Amino acid sequence: MLEFEHVDEIDRVLRGVETGRDSLVTESWRRCVQTYGMDPSRPDPAHVVTETELREHREQSERLIATARSGLQTLFQQVAGQNYVLLLADAKGVCVDFFGDPRFEDQLRQAGLYLGSNWTEDLAGTCGVGSCIVTGKAITIHQSDHFGLAHMPLSCTAAPIFDTKGEFSAVLDISLLRSPSPKSSQNLAMGLVTASARRVEMANLMAMTRRDWVLRFSTSPEFLEVDPEAAVALDAAGRIVGMTSGARRALDPEAGGSLIGSRIDDWLELSVDDLPDLMRGRPTEERVLRLKDGRRLFGHAIAPQTPQMITALRQRETTLPGALGSFAGADPALGRLLEQAARLAPTQVPLLITGETGTGKERLARAIHVAGPKNRGFHAIRCTGPGAVESLADAAPGTLFLRGIEDMPLDGQAALLTLLDRRTDLRVVASCRCAASELSSALRDDLFYRVAGATLALPPLRHRSDLDWLIDRLLRWRCSADMRLSPAARAELKSRVWPGNIRELEQLLDVAIAMSEGSVIDLPDLPAAPKRAGPEPDDIDDLEALMAACGWNMAQAARRLGVNRSTVLRRIRKAGLTPPA
Ligand SMILES: Nc1ncnc2c1ncn2[C@@H]1O[C@H](COP(=O)(O)OP(=O)(O)OP(=O)(O)O)[C@@H](O)[C@H]1O
């Protein structure tokens, strides 16, 4: 009976009768009969490619499968209890990746919901994957929407995945062996599958365009950084060189052509020089993009990662010994300092580590010690403590860390000289909060030259360009839960001056973790910045370092200095500084 009704409905549709079916479905039925010469009543088993063909299909989609996998796993976890099956099919309709409940494997295989099934429309008739490929649109083919009787129990919802040039590259399909009758029961599946396809495209764009600027956008500022709607990749001249499919809809909803090769200022009141102002340092709601047609979006720009930057961190981790490899993120000045530290670590050269309070001088001393000769002691003394030097008379050979050597009283200096004369097996590493040039006036000459063999100057936190890295690392270390910062909270941290440097950041994060109620630290969870005035960039080097740390983002530099943008600009001009090319 059902069979008769189905064939009869297809027949009526072909004769032009309106039966209430979606037009995407009736157009597909027409193609099945008129173009592919199919018969709906013909028994139609699943079409499965051979093992060798499947391997070839999978090899061609290898990169996409790798990118899509983690997103698909998450999606599968969301729907697993409800008997959904997830398929990733390539542009030729062959299922190249599959997530399903192993308990139903035989049934899934029989129904064609399995690796290697070929779901092109000309073989399988109207179906989720095949009709999505023909139309290039997300589609639900529910039960009797299917052309072939064999597929009628199924409900399939499929969304297309486009590559960074806007070419159709795959289909993400979520299917059910048995489903409730109303088609609207699959609306949620449609939402999930389109959102997942969008995220796969985004991940693919980010992975493919690391050397270009990426501009991500969203209609609401709240979701801009967590789940942007679309993105374009731009070359140095502002030409669009990559995109997600949502970008075309967002920038050019009318025309519908490819954006590739056009310039970003064809669509937005924006030039490539404005991109640094759309980076993370600025609150999302201020990052407004104006479209030429008067609409507005919110933008998030991600700077190109130079090949050096991408490989430098990985290389540093593998080439620098011990904790030196993971001491800092991608800050170029710190990278150079760590390389010097690694070269000096195995030697006996006395080291002077300078830097403001809390910049990590002792931590660096310990990392150098660990990277040096094995099985030796690390003896740390506070130079102001009475009798501190004397207590070292019988210390095991190793590193002598002199904390705050600039404060050492004269009698302590004399005792230290005596000790160093006797104990040539102790390697001196001293820390001081002032510059090496100032230390020379605080120490006896003969002692100064015994401690200042090589100087390593740690930068203050406000000069470091790897603040994001450091925040994330400290967050990971300080709480077992998966805690993160809201974009607004992160922007606030990036605009602070940090007179107490890493120690201040650590304490702030401890407070924020305690104050936050869920897994996101938001602006109100952050303690206020201490009232002490931050250091003024009093010389040209300091201003240049601060600008570099802010990626030459005027707004961010202005917030760190507590002045307005025009003051920053004036100081830059006065100092004769120019941004790097
Ligand atoms: N690279 C780093 N990664 C993570 N945490 C760090 C790093 N450097 C320093 N810290 C942390 O910052 C805090 C201050 O570090 P440290 O005591 O080494 O600073 P310092 O420069 O010697 O300070 P002071 O001059 O005040 O003695 C410590 O809790 C340390 O663990």
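## Helix H1

In this predicted model, helix H1 covers residues 2–14, which makes 13 residues. From its first C-alpha to its last, H1 reaches 19 Å, close to the 18 Å expected at 1.5 Å a residue. Gly16 follows H1 and has a positive phi, near 95 degrees.

## Contact of H1 with H2

Helix H2 is formed by residues 23–35. The axes of H1 and H2 come within 10 Å and cross at roughly 95 degrees. An angle of 65 to 115 degrees counts as roughly perpendicular, so H1 is roughly perpendicular to H2.

On the H1 side, the contact involves Ile10, Val13 and Leu14. These meet Thr26, Trp29, Arg30 and Val33 in H2. By class, the contact of H1 with H2 has 5 nonpolar, 1 polar and 1 charged residues.

## Contact of H21 with H22

H21 contributes Met554, Ala555, Ala557, Ala558 and Leu561 to the contact, and H22 contributes Arg565, Val568 and Leu569. The residues of this contact divide into 7 nonpolar, no polar and 1 charged.

## Ligand surroundings

Which residues are closest to the ligand? They are Thr357, Gly360, Lys361, Glu362 and Ile502, out of 16 residues that surround the ligand. Helix H13 (361–371) and helix H19 (501–515) are the elements that give two or more residues to this shell. By class, the shell has 3 nonpolar, 6 polar and 7 charged residues.

Conventions. Residues are numbered from 1 along each chain as its sequence is written. This is a predicted model: local features need pLDDT of at least 70, side-chain atom pairs count only at pLDDT 80 or more; totals for chains, interfaces and linings use all residues. A residue is near a molecule or strand if its C-beta atom, placed from the backbone, lies within 6 Å of it. Helices (H or I, at least four residues) and strands (E, at least two) are DSSP runs, numbered from the N terminus. Ala, Val, Leu, Ile, Met, Phe, Trp, Tyr, Cys and Pro count as nonpolar, Asp, Glu, Lys and Arg as charged, and the others, Gly among them, as polar. The expected span of a helix is 1.5 Å times one less than its number of residues. Axes are lines fitted to C-alpha atoms, for helices over the stretch in contact, and angles run from 0 to 180 degrees between N-to-C directions. Angles under 35 degrees count as roughly parallel, over 145 as roughly antiparallel, 65 to 115 as roughly perpendicular and the rest as oblique. Two residues are in contact if their C-beta atoms, placed from the backbone, lie within 7 Å.
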